[in-house]
Amino acid sequence: MSERERERLADLLGKLRAAGHGVLIVDHDIELLSKVCDRLVCLDRGVIVVIGRPGEVRQDPQVRASFLGLAAPV
């Protein structure tokens, strides 16, 4: 998706949330997911790696190494 399309999607998801709707999103765009999701479930080959709030998931050592290409936080 283009940046504009991602912004429009984030706006739409925010409206759905405000209206009390739950939404399941399957995606690899961690930036978008972190903006629009209350909770993330990270899978690796169909196995749950971590479940939590976006900030918690992004700090998980396995997520940082496997999905974000970053070293674990010190």
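Select Arg 17 and Asp 38 to start: their side chains form a salt bridge, with the closest N and O atoms 3.3 Å apart. (A salt bridge here is a side-chain nitrogen of Lys or Arg within 4 Å of a carboxyl oxygen of Asp or Glu.) This pair links distant parts of the chain, 21 residues apart: Arg 17 sits in helix α1, and Asp 38 in the loop between α2 (30-36) and β1. Helices (H or I, at least four residues) and strands (E, at least two) are DSSP runs, numbered from the N terminus.

Before moving on, note that this is a predicted model, where local features need pLDDT of at least 70, side-chain atom pairs count only at pLDDT 80 or more, and totals for chains, interfaces and linings use all residues. Residues are numbered from 1 along each chain as its sequence is written, and side-chain values use heavy atoms, with hydrogens and water left out.

Next, select helix α1, residues 3-18. Its 16 residues should span 22 Å at 1.5 Å a residue, and its end C-alpha atoms are 23 Å apart, which agrees. (The expected span is 1.5 Å times one less than the number of residues.) Within α1, pick Arg 4 and Glu 7, 3 residues apart, about one turn of the helix. Their side chains meet in a salt bridge of 3.7 Å, N to O. Arg 4 is exposed, at 51% relative accessible area, while Glu 7 is partly exposed, at 38%. (Buried means under 20% relative accessible area, exposed over 50%, partly exposed in between, with a 1.4 Å probe and protein chains only.) Just after α1, click Gly 20, which takes a positive phi of about 90°.

Now find Glu 31 and Arg 58. They form a salt bridge, the closest N and O atoms being 3.0 Å apart. Glu 31 lies in helix α2 and Arg 58 in helix α3 (residues 54-59), 27 residues apart. How many salt bridges does a search of the whole structure find? It finds 5.

Move to the strands. β1 (residues 40-44) and β2 (residues 47-52) pair in the antiparallel sense over 5 bridges. (Two strands pair if DSSP finds at least two bridges between them.) Leu 40 stands opposite Gly 52 in β2. The hairpin has 2 residues between the strands, and Arg 45 there takes a positive phi near 55°.

Finish with the cysteines. Cys 37 is buried at 16%, and Cys 42 is buried at 13%. Their sulfurs are 12 Å apart, too far for a bond. (A disulfide is a pair of cysteine sulfur atoms within 2.5 Å.) The whole structure has 0 disulfides.
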